[in-house]
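This report sets out selected structural features of a single protein chain. The sequence and the three-dimensional structure are shown first, and the description follows.

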Amino acid sequence: MKIERIELHNLVGKIDEPYKSSMGWKTTRNTLAVKVIADDGTYGWGETGAGANDFADVARGIVGMNPERFGSVWQSIVNTRYQGGGYAGVASNVASAIDIALHDLVGKSRGLPVYELLGGKVRDRIFTYATGLFYTEKDVNDSTWPDLREEAQSHAEAGFKAMKMKIGGLTMDEDVDRVHTLRRTVGDDIRIMVDANEAYDAGTAIAMSRRIADANVGWFEEPTSSQALDDNLLITTQSPVPTAGGESASTRRDVARLLRRRIFDMIQPEIICVGGISELKLCAQMAEAFNIQFVPHFFNTHISLAAILHVLATISQAPPAHPKEPFVNEPATEFDQTVHPVRSALTDPFFTQSEGWVDVPEKPGLGIEVNEDALDHFRVGDVVVAD
Ligand SMILES: [Mg+2]
């Protein structure tokens, strides 16, 4: 079997009611959906955030390679950009999407779910937490936070046992009040986490952590610039709330830098930029070796969610001695609940949770199908082809 061509679909969905993090308002949600087609007609899907033309320039080099050779395909993408750290960014994004698509393709070709290609599963379902609780137009103008309270209740009623909110987008006093409001709204039995998207300097982040610690916050995500390793280490050392980060890490090299100095208490690689299924599994094993909790990031479509579920199905419970407990030794992942028009239409099945758990897909490959009508509806510009 040979890789014959790669199709790139730049998908953009407009959001009717924008929502905000510390980085500003989101008015669209995007992804680059990547279809890899072999010479026998078998195909697989991946996704990432790179631009289609940059992607095509890098991806042309793998046309003609054997899609079953995940490792050599991955290396041939990353190695071409190795010098000067160029693997971080577009090469890592391309490697991510191609690696996900090749696992889907080869799984379909062999009639096996992806977890079988990774050595087999050790669990049938994966624990997830709800991501949402962004700032809304209404909440920005109403300091009783009506949308925050209503959305938190809806996640709790849907069965989620853990949820994550944004901070860093309003004043310190306002955000401290929002965190305590969330705790009062959901009660003591639901885990809450906060994500600042790098909004603070180190000293402010430590001060913020001290002000929200009594709301029993499970983690403080990206408190300051993720490039500032010493600052993050200072926060992790002094913050009463455990820290989390790593969602923009490229390949094992970035993740190793975060693990070996214990920059964060939890590590959160993102499958669409860290390097795909192969690299996410490797990072899970590295985190286990460093005794750091592994909680992968998820914010795109159910192409990448399916890929994360397959990886987590195969990783160890660590440490093994403790009874199975999410956020202690049982793996968990993020389940973004924000409005994403492309995601809602793109794949079948659309994964759902029960009491926070999502079943691992059982069909060959990733176990999802991509809706061609949705591709046509959301695609901006023509399909870009690398062949
Ligand atoms: Mg985040």
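## Helix α9 and its cover

The elements that cover the buried residues of α9 include α8 (202-212) and β9 (243-245). In this predicted model, helix α9 spans residues 229-238, and its buried residues are Asn232, Ile235 and Thr236. These three cover an arc of only 100° around the axis, which places them on the same side of α9. Asp230 and Thr237 lie on the other side of α9, where they are exposed.

An α-helix has 3.6 residues a turn, so residues three or four places apart point the same way.

## Helix α1

Helix α1 comprises residues 52-59, with Ala52, Phe55, Val58 and Ala59 buried. Viewed down the axis of α1, the buried residues fall within an arc of 125° and therefore line one face of the helix. Their cover includes the strands β1 (3-21), β2 (24-38) and β16 (384-386), together with the helices α2 (70-79) and α3.

## Domain arrangement

The domain assignment divides the chain into domain 1, made up of 3-111 + 371-386, and domain 2, covering 116-359. Taken over C-alpha atoms, the centres of domain 1 and domain 2 are separated by 24 Å. Contact between them involves 37 residues of domain 1 and 35 residues of domain 2.

On the side of domain 1 that touches domain 2, two or more residues come from each of β1, β2, β3 (43-48), α2, α3 and α15 (372-378). Helix α3 gives the most to this side, with 13 residues. By class, the side of domain 1 that touches domain 2 holds 17 nonpolar, 15 polar and five charged residues.

## Packing of α3 against α12

Helix α3 (residues 87-110) packs with helix α12 (residues 276-289) at an angle of about 100°, and the two axes are 6 Å apart. This angle makes α3 roughly perpendicular to α12. In the contact, Ala95, Ser96, Asp99, Ile100 and His103 of α3 meet Gly276, Ile277 and Ser278 of α12. The residues of this contact of α3 with α12 are classed as three nonpolar, four polar and one charged.

Proline 319 is located in the loop between α13 (302-314) and β12 (332-336).

The peptide bond from aspartate 348 to proline 349 is cis, with omega near 5°. Proline 349 belongs to the loop between β13 (347-348) and β14 (357-359).

## Positive phi at two asparagines

Asparagine 197 is not a glycine, yet it has a positive phi of about 45°. Asparagine 197 is placed in the loop between β7 (191-195) and α8. With 17 other C-beta atoms within 10 Å, asparagine 197 is partly exposed.

Asparagine 216, although not a glycine, has a positive phi of about 55°. The position of asparagine 216 is in the loop between α8 and β8 (217-221). Is asparagine 216 buried or exposed? Asparagine 216 counts as exposed because it has 12 C-beta neighbours inside 10 Å, and a residue is exposed if 12 or fewer other C-beta atoms lie within 10 Å of its own.

Definitions and conventions:
Residues are numbered from 1 along each chain as its sequence is written. This is a predicted model: local features need pLDDT of at least 70, side-chain atom pairs count only at pLDDT 80 or more; totals for chains, interfaces and linings use all residues. Axes are lines fitted to C-alpha atoms, for helices over the stretch in contact, and angles run from 0 to 180 degrees between N-to-C directions. Helices (H or I, at least four residues) and strands (E, at least two) are DSSP runs, numbered from the N terminus. Angles under 35 degrees count as roughly parallel, over 145 as roughly antiparallel, 65 to 115 as roughly perpendicular and the rest as oblique. Two residues are in contact if their C-beta atoms, placed from the backbone, lie within 7 Å. Ala, Val, Leu, Ile, Met, Phe, Trp, Tyr, Cys and Pro count as nonpolar, Asp, Glu, Lys and Arg as charged, and the others, Gly among them, as polar. A residue is buried if 20 or more other C-beta atoms lie within 10 Å of its own, exposed if 12 or fewer, and partly exposed in between; C-beta atoms are placed from the backbone. The arc is that of the directions from the helix axis to the C-beta atoms. Domain bounds come from an automatic or database domain assignment.
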